[in-house]
Amino acid sequence: MTAPAPTPPPTTAPYLEELRWRGMLYQATEGAAALLAQPTGIYVGFDPTAPSLHVGNLIPIMGLVHAQRAGHRPVVLVGGGTGMIGDPGGRSSERPLLSVAEIDANVVGIRSQLERFLDFGGANPARIVNNADWLRELKLVDFLRDVGKHFSINVMLAKDSVASRLDGGITYTEFSYMLLQGYDFTELNRRHGVTVQLGGSDQWGNILAGTELLRRAHDVDAAAVTFPLLTTASGKKFGKSEGGAVWLDAERTSPYQFYQYWVNADDADVGKYLRLFTLMTASEISAAEITVADDPAARAAQRALAREVTTRVHGAAALAAAEQVTGFFFGGVEPSALNDDALEVLAKEAPFAAVSLADVGEVATEGGTPTGRLDVYRMLTASGLAASNGAAKKLLEQGAVSVNKRKLAASERYLDRASTTLRGGHIVLGKGKRDFALIRLGS
RNA sequence: GGUGGGGUACUCAAGUGGCCAACGAGAGCAGACUGUAAAUCUGCCGGCGCAAGCCUUCGAAGGUUCGAAUCCUUCCCCCACCA
């Protein structure tokens, strides 16, 4: 669903120009350019519902990165006070308000990730603030008088975010969300001199609620700038891999998996991604796009993308490891040639399972002694490549399973242990063309 | 509170006593082709099992029946209009 982008207003601010050529500018209020002509405070809100950000958060993050590079002061707002505004239609229960401790822990995690992108020191330092600091203090009557008084129900009902929900129903809580977000904006303005809010294009209405409130209640000029919603060329959800989100936290998504996510970007998307997620210049990106057209099989642009983003998020050492693992899985390296160091890296980066022989060995014995054979099904489930024996069976039948990079025939459910294990009891298990796991066999 | 309409697997959505583990679509997984891409074609897509088959599932709990997602009762939740 590619919504037609409203033509962004002409700008004089370098920051907006940067966003524009990178394809990050969807729309901006008329006064945005004037406000951004001077250094100012710019904020983006994140939900601290998890202790880690994911790649879907990268666009707003990069929006702040560019802001800081342009001399503005980035402010990250975590919605500790608004965290519960979810879908009350869920069958089991309403989403509970996160506890203070959980939010604080999540904020710590998010902050450490943002430090890879933003400078929290220097002349125009980034800040991270929690709206719980003021929302928790808020008195309802005061809120209605000071904030609610400035909002017209008629206007609120006309906002897309509300109008689209009127059919399916919307609770008062969710309806009120834009007031809280507007109030956040006024607090950030008061506390940190923020005059511009960034957000996804779906946030336009909510952001305007804030600029309106600032103008009416405080006679302050403020602006909204939104990013386009990101879709992939093939219509898949951006930022999803193997059913799950791609996280910035190495514990949740290993640097290798993170790297792989970018390497697998569609040809049709890679130029867009380079503009959005790297600091490469326009001419560098143009050059990379030419390589896609000339020699797509080399995936040079995808590799450059993966290298840039992985380095920023995980650092140079992690990138080197990710590339090493990639080289093994997708290059011509013979599994038997692996040395201990390489196995160590594999164990760390690839999905790894340390299992006991009893976990994957064949249960049946012949004449009282174990047969010493390995059960492929159980290796697949133990390593997490298959969710169940049934799934493992189907994979094997479809010819999707490989061991030490050798594709197994459907009949090869049981393997000889001695000839299968590499040094140190390792086995490289593969599912499909690009999904691998390393097993280390205990006794 | 009243009246009417609903709650089906990851999502949307058929099904209204046996042919239902439940049509179809999307998503997902795999195979072929390629380039770790897209598109296309093919297979899979609740769990266990080599298999025959067994087990669990259609908001929840009971009940009717040889047999229930389908009928009855109670309860919970959602929507529309009315109050």
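Q: Is Asn404 buried or exposed?
A: The general idea is to compare the relative accessible area with a cut-off: a residue counts as buried under 20%. In this predicted model, Asn404 has a relative accessible area of 15%, and it is therefore buried.

Q: Where does Asn404 lie, and what is its phi?
A: Asn404 is in the loop between β13 (401–403) and β14 (406–407). Its phi is near 50°, a positive value in a residue other than glycine.

Q: What can be said of Lys405?
A: Lys405 belongs to the loop between β13 and β14. It is not a glycine, yet its phi is positive, at about 70°. As its relative accessibility is 29%, Lys405 counts as partly exposed.

Q: What is the strand order of the open sheet that contains β13 and β14?
A: In general, the strands of a sheet pair through backbone hydrogen bonds, and the pairing is either parallel or antiparallel. Here the open sheet has 5 strands in the order β9-β17-β16-β13-β14, and its pairing is mixed. At the edges stand β9 (352–356) and β14; each has a single partner strand, so one side of each is left without a neighbour in the sheet.

Q: In which sense do β16 and β17 pair, and over how many bridges?
A: Strand β16 (residues 426–431) pairs with strand β17 (residues 435–442) in the antiparallel sense, over 6 bridges. As one case, Lys431 has Asp435 in β17 as its bridge partner.

Q: Which strands does helix α17 lie across?
A: Helix α17 (residues 340–349) lies across β9, β16 and β17. Its direction is at about 115° to β17.

Q: What is the order of the open sheet of 6 strands?
A: The order is β1-β6-β5-β2-β3-β4, with mixed pairing. The edge strands are β1 (27–28) and β4 (127–130); each has a single partner strand, so one side of each has no neighbour in the sheet.

Q: In which sense do β3 and β4 pair?
A: Strand β3 (residues 73–78) pairs with β4 in the parallel sense over 4 bridges. Within this pairing, Val75 has Arg127 in β4 as its bridge partner.

Q: Which helices pack on this sheet, and which strands do they touch?
A: One is helix α4 (residues 100–114), which touches β3 and β4, and whose direction makes about 165° with that of β4. Another is helix α10 (residues 177–192), which touches β2 (41–46), β3, β4, β5 (194–200) and β6 (223–227). The direction of α10 makes about 140° with that of β5.

Q: How many residues has the largest nonpolar core, and which have the most contacts inside it?
A: A core of this kind is read as a set of buried nonpolar residues joined through their side chains. The largest has 78 residues, and Val225, Trp262 and Phe277 have the most contacts inside it. Helix α3 (residues 58–69) gives the most to this core, with 7 residues. Apart from it lies another core, of 26 residues, among them Met156, Val162, Tyr183 and Phe185.

Q: Which residues does Trp262 touch?
A: When residues up to four places away in sequence are not counted, Trp262 touches Val55, Leu58, Phe238, Tyr273, Phe277, Gln302, Leu305, Ala306 and Val309.

Q: Where does Thr381 lie, and with which residues is it in contact?
A: Thr381 is part of helix α19 (residues 376–383). Its relative accessible area is 29%, so it is partly exposed. Leaving aside neighbours within four places in sequence, Thr381 is in contact with Ala386, Ala387, Ser388 and Asn389.

Q: How many helices and strands has chain A, and what share of its residues is buried?
A: Chain A has 21 helices and 17 strands. Of its 443 residues, 47% are buried.

Q: What is the mean pLDDT of chain A, and where does pLDDT stay under 50?
A: The pLDDT is read as the predictor's confidence in each residue. For chain A the mean is 84, and 86% of its residues reach 70 or more. Over residues 86–95 pLDDT stays under 50, and the model has 11 contacts beyond four places in sequence for them.

Definitions and conventions. Residues are numbered from 1 along each chain as its sequence is written. Chains are lettered from A and ligands numbered from 1 in the order in which they are written. This is a predicted model: local features need pLDDT of at least 70, side-chain atom pairs count only at pLDDT 80 or more; totals for chains, interfaces and linings use all residues. Side-chain values use heavy atoms; hydrogens and water are left out. Two strands pair if DSSP finds at least two bridges between them. Helices (H or I, at least four residues) and strands (E, at least two) are DSSP runs, numbered from the N terminus. Contact means heavy atoms within 4.5 Å. Axes are lines fitted to C-alpha atoms, for helices over the stretch in contact, and angles run from 0 to 180 degrees between N-to-C directions. Buried means under 20% relative accessible area, exposed over 50%, partly exposed in between (1.4 Å probe, protein chains only). A nonpolar core is a set of buried Ala, Val, Leu, Ile, Met, Phe, Trp, Tyr and Cys residues joined through side-chain atoms within 4.5 Å. pLDDT is the predictor's confidence in each residue, from 0 to 100.
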